[in-house]
Structures are given as structure tokens and as C-alpha cells.
Amino acid sequence: MTAPGGVAVLLPDKQRLTGLSPEQIRLLKALGREPTQLDPADTRVSPLLDRLVAAGLLRVTVRSGGVDLYSLLPFAPPPPRTIPEAGRLPITLSKFAVIHRNDDRCVAEHPMSWCDIEIHDGRVLAAIAGMSATGEISPDALSRLADDLGWAGFVTDPQSEHDDFATRSWGPHELWFHRRSTFGVRTRDWGRFGPTKWAAGTFPPLPARKTAYATDPIALPSPDLDSLRVAGDSLTAAIEDRTSCRDFAAQSPPTIDQLGEFLFRTARNRTLRAIGDEEFPSKPFPSGGGLYEMEVYPVVRQAQGLAPGMYHYDAFDHALRPVTAIDHPAISRLLTPSSLTLADGQLPQILFVFAARVGRVMWTYEQIPYAVMLKHVGVLTQTMSLVATDMGLGSVAQGYCDTAAFAELAGVDEMTECAMGSLVLGSPRR
């Protein structure tokens, strides 16, 4: 938006530029309409171009021989352009750089950069990846690419990434996920972040209740909560006494009554409300947006009054639905790794696997679903740990889970329901 007197306001950033010449005003209008080929050496417009680039407002495409090679897509103001050693030839890509398809475009990203790089020509992709290609780009274009990659922070000295504790500690997927799922430098538009319900009108929302397994449910006893409130230990005592238990009494595993009380107090569905086509359960632990995507699967090895096997906890009926027998080969792939955190390599009496029906969250949220679901694993783990302490049971959270084994046992597609955490429950050895 321009005004008389050489003034322009750039929307939606609301940045005000003053002292513009007629040529610069015309240039801004042209840039607002369509991509425009410019000569950076043109002193009539170069000061404005420098201002736009410095503010992170200008998408710059590099061409060679009449062909678009790549574009710098800023989402934040860049640092002053320098040509560090990392920008020199040959190109050595940082371990944190990620190249992926975005719709019909090929995009390179770096979690700590101020821009993405859209790749238009396969020769650029080959040059970035350090591969040879037929008809390589010109030496001048290759030098410019190396300089731009250095400016954007995509290339580095591999030894420095290895020797520095911070860069060596982070995995590429962790840093990329961290930046991709948080609001900040990369994401500044609330309209495309969080509960946008982007799928509304295109896909139906997933129901709150998972389709029941075609097996006979085993009804669980329900405790008297009023009596528990009077006779049970206080929340403070549970919090203060809670500790990870790694040694369990093999001769006195939990009873089915204890398991029923434990699941009733931690994971049952209390109410269900509907708003339009969307369903919102209510359970004893908090859940972002009231979506409650977490499903609980007890893998029972020892429990008095209950046959060993893998079950699905039906939070609506407060019942266990048998899923898989204990002799399934994949059961050992779930249980055996748990022994790494238990005393003397013992196997868990009961292992709870937390699985997310990711569509429940991904239907509503953008960019943050996985982070939100990880938080739900945390609050469910905390709730279970405190209730176990209050009941005199032992528990220990597991920082890993065999997601492939779970998918095989549960008969689910890992893209729609995936294991995200687990917890061991049992009778502590006194």
C-alpha cells in the first residue's frame, strides 16, 4: 500500500517505508503483483532491495542461462551477508539440513536458518548433496550457491558440529521437530498454527471412541470413589512418596480388582459431549483441546484373576477387550526391552502401552500435533504414577517402545495409531 510523498506500508507485516523515489514506488507495486527480474547493480532501486532483503521481506530467485536455479524464502530478517569459510567450495551440508517435498516443490530447510531454499533445478540438488550431475551449473552460479548456503547457515565445518557439545547433542530430527512444532522464528502466523481445524469440510472428524475389538469384553470392578476420597492417602502424600519401582514381587502380582481401580481412576471416560460432528470425552488427565487421542493397552504377564495377553482398555465401558494372546512372537518384542530398566532383568508384570490415534489431534491442529501428543504421554504417565503410589503399587515410566511390534499386535496402521510411550505396573517387592 503506497501513499503520496514516497511512503509505503508493507502488508501484512505493517512495515512503513519512507523516502522512496518514484522508481522505487513503481518497483514495490511491481513486486506486489508478480515476480520481477531486477538488476542489483541498478542504483535507482538497489537501496530499496537492500532494505527489503535486510527486513526478510523479499523472496530472491537466482537464475543462470535463463533458468531459475533456486529461491531464498525468508521467514525472518537475515544476518548481515558475509562469506564465512562454510560458504566456500566445496559445499559441505550441515547435518541438520533437511530436503523434502512440499506439495509440488522441493525445499531445503535448516532448523536454525532464517530462510528456506526452494530448489527449482535438479543440478542444484546434486550440487547441494555433493553428487555429480549431467550438465552441471556454471562456476559462477555454483560459487553464488555456496555463498548463499553459507549465508543461510546450511553449510558448515563437519568437525565443528562434532566437537561442539550443543550441536553434537542434538539429533537432526529432534532439532527440526523442535523448530517445526513451536511458535517463534519460523512460525509467526497464528492463522496457520495450532487448532485451525484445517480438515473441517474435507475429512470427517474421528469419533472419540475406537471401534471395539470383536472379542467378548471382560467387565472390570468399579471402586467407590467417595470411599476412596475419605480413606485414601492425600495427593500430597502420593506426590511426595512417588518413586520409580524397578523390583516387583513375582508371587503377589496385582489383582484384577486393583487393575480395574487403577484404570478407572486414571484413564476411564467420564463424560462425552458433542459439538456439531466433533466428540469431546473427559478423562482424569488433561488433554489439549479435550481431544483425548491416547488409547491404553495393558500387556498383562502376571495378574491375579486375568489371563495373560494384550488387551485394549475400553474407556467408555470400563472393560478390557482381548487383543492378542501372550504367546504371540511380537509380545516378547514389547516386554523384553522393558527388562532393561528393571532389577535383575525381570519382565514387567503389566506393561501399559500408550498409543495415539493421531487423527484425533491432527484433524484440529497444525505443526504442533506431535508435540501435544508427547505432552499427553507425560500427563498420563504422571497421573498413573501418582495413582499407583496411592494404591500401594509400583510403577516406572519407560522412555521407549517398539512401535512396530505394537502395530503388529494391535492390528493398526502406524500412520493412524502409533505407540508413543509405556509404563510398567506391578506389586513392589517389600
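Colleague: What makes a residue part of the lining of the largest cavity, and which residues lie nearest its centre?

Modeller: In this predicted model, the largest cavity is lined by 13 residues, and Arg209, Lys210, Glu295, His312 and Phe316 are the ones that lie nearest its centre. A residue counts as lining because it has an atom within 4 Å of a point of the cavity.

Colleague: Why is the space called a cavity, and how many cavities of 30 Å³ or more does the structure hold?

Modeller: The name cavity is used because a 1.4 Å probe fits at its points but cannot get out. The structure holds three cavities of 30 Å³ or more, and in the largest there is about 80 Å³ of space.

Colleague: Which element gives the largest share of that lining, and how do the classes divide?

Modeller: Strand β14, residues 309–314, contributes three residues, the largest share of the lining of the largest cavity. By class, this lining has six charged, five nonpolar and two polar residues.

Colleague: Why is α10 called oblique to α13?

Modeller: Helix α10 (residues 256–266) and helix α13 (residues 369–391) pack at about 135 degrees, with 10 Å between their axes. Angles over 145 degrees count as roughly antiparallel and those from 65 to 115 as roughly perpendicular, with those under 35 as roughly parallel and the rest as oblique, and therefore α10 is oblique to α13. In its handedness, the crossing of α10 past α13 is right-handed.

Colleague: Which residues make the contact of α10 with α13?

Modeller: On α10 they include Phe262 and Leu263, and on α13 they include Leu380, Met384 and Val387. The residues of this contact divide into seven nonpolar, three polar and three charged.

Colleague: What lines the second largest pocket, and which element gives the most to its lining?

Modeller: The second largest pocket holds about 1400 Å³ of space. Its lining consists of 33 residues, of which Trp176, Arg180, Glu366, Gln367 and Ile368 are the closest to its centre. Helix α7 gives the most, with four residues, while α13 is among the elements that give two or more. By class, the lining of this pocket has 15 nonpolar, 12 charged and six polar residues.

Key:
Residues are numbered from 1 along each chain as its sequence is written. This is a predicted model: local features need pLDDT of at least 70, side-chain atom pairs count only at pLDDT 80 or more; totals for chains, interfaces and linings use all residues. Side-chain values use heavy atoms; hydrogens and water are left out. On a 1 Å grid over the protein atoms alone, a cavity is a set of points where a 1.4 Å probe fits but cannot get out, and a pocket is an open set with protein on both sides within 12 Å along at least five of seven lines; lining residues have an atom within 4 Å of a point. Grid points are joined across faces, edges and corners, and a volume is the space filled by probe spheres set on the points. Ala, Val, Leu, Ile, Met, Phe, Trp, Tyr, Cys and Pro count as nonpolar, Asp, Glu, Lys and Arg as charged, and the others, Gly among them, as polar. Axes are lines fitted to C-alpha atoms, for helices over the stretch in contact, and angles run from 0 to 180 degrees between N-to-C directions. A crossing is left-handed if the near helix is turned anticlockwise from the far one by less than a right angle, and right-handed if clockwise. Contact means heavy atoms within 4.5 Å.
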